[in-house]
Amino acid sequence: MAMSPQRTVDTGANFRHPLYQVLLETPGLTVGTAALDDLLTWGLTNAMWIFPMATSCCGIEFMATAASRVDIDRMGVIVRATPRQADVMVVAGTITTKMAPRVLKLWEQMPEPKWCVAMGSCAISGDFYRNLYSVVPGVDTFMPVDVYVPGCPPNPEALMHGMLRLQEKIQRQRRGEVVVPEVNPGLMKVTQPSVPRLTEPTRSPEQTLAQERASDNPTADEESAPLEVAAGPAPQVAPLVGGDFAALLAELGVTELPADGPPVIPLAQHLELARRLKALGYRQLVTMVATHWLAGKGRKGADPAEPEHFELTTAVRTIGPGSKVAAWSVRLAPDEPVLTLSGVFAGADWQEREQFDLLGVRFAGHPDLRRLMQTENATTFPLRRDFPADAPAPPWR
Ligand code: SF4
């Protein structure tokens, strides 16, 4: 029969050292050191400086905790805008996969001893965003959490209670007690993330290492190649002519104005139309938004033989009283580039980056076509219709 290994607990009773014996026998010294330790613990737990990792609505409740009603200052809590002088990180709000390496980096810059409070459902489990491609399903998937403060949002009193629980935990640790880590209240089957939490037995050291490496250099990932941007022709400069929107469309050969959306113009006329409209006084770019249609799908009544495509819609308006709006669409195949409008409307720069990042629309001639909202090394396009909702994104979700 296999014997289980015997664990021996060292109680310290057999510890012998001349200096130790002298200290033990010195009258009053043990009382003095115990009192000193209590004093240090009192000082430690009543001077917790917080680094606020406040990203969204919970951050407002966090700020209210410092206001007169709760006045968290009375616990010796001071909010510091630098991790180097803070003891406690309060993560108050949603953390995305793009932020996660930066949060980890900030956490690592805090000196020991340090503690983390996860404030609100988003920090605890991702809350109702947890199935979103970009949200981390709980910060304890990449950094340790000492206290969970549930709620959406938790009110200032709840955060105060969390800080009191943290004080209690630190006092017990300093007394040498074994303190069982708090259980994430979101740890239910339905909210299990694809990345195991730090406290779970399935968590592997490789996972932690991958996160640390990604945190060192969040823009580099050896395993995912950067997205290649298709080179396209440089924007063409065409002569500007007058006329109103309908006349311009007619000039471009577009006579059919559909009832269920903007008119679809030839792809080659996209830049030209924008230039002419701007010359007519349509000086503000309102929006550029693309829709991804799978094969056989499209606008209402689409032909079943319709191939997969994007429909990119642009809207511009005149400024001032009686403002007029002009909107049009172009259709393009998934790998087909469309000329950038960034040379005509400055605001097209980031709007085109957004469509590139989330759908993969290529804008030829764009001066800086990089990812905008997702991590720099992302390889997916989450707003395409065939994107799986709860997609894992190692090493963060
Ligand atoms: S938990 Fe609720 S209140 Fe807090 S950040 Fe998330 S959505 Fe906002």
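Which helices each supply at least two residues of the shell around the ligand? The legends below start there. This is a predicted model: local features need pLDDT of at least 70, side-chain atom pairs count only at pLDDT 80 or more, and totals for chains, interfaces and linings use all residues. Residues are numbered from 1 along each chain as its sequence is written.

**View A. The shell around the ligand.** α3 (57-65) and α5 (121-125) each supply at least two of its residues. Helices are DSSP runs of H or I, at least four residues, and strands are runs of E, at least two, numbered from the N terminus. S56, C57, C58, G93, T94, G120, S121, C122, D127, C152 and P153 surround the ligand (C-beta atom, placed from the backbone, within 6 Å). The shell has five nonpolar, five polar and one charged residues. Ala, Val, Leu, Ile, Met, Phe, Trp, Tyr, Cys and Pro count as nonpolar, Asp, Glu, Lys and Arg as charged, and the others, Gly among them, as polar.

**View B. The open sheet.** Five strands pair in parallel, in the order β2-β1-β3-β4-β5 (pairing needs at least two DSSP bridges). β2 (78-79) and β5 (147-149) are the edge strands, each pairing on one side only. Five bridges join β1 (residues 49-54) to β3 (residues 88-92). F51 stands opposite M89 in β3.

**View C. Helix α2 against helix α6.** α2 (residues 29-45) packs on α6 (residues 156-174) at about 155 degrees, axes 10 Å apart. Axes are lines fitted to C-alpha atoms, for helices over the stretch in contact, and angles run from 0 to 180 degrees between N-to-C directions. α2 is therefore roughly antiparallel to α6 (angles over 145 degrees). T41, L44 and T45 of α2 meet Q167, I170, Q171 and R174 of α6 (C-beta atoms, placed from the backbone, within 7 Å).

How values were computed: Angles under 35 degrees count as roughly parallel, over 145 as roughly antiparallel, 65 to 115 as roughly perpendicular and the rest as oblique. Two residues are in contact if their C-beta atoms, placed from the backbone, lie within 7 Å.
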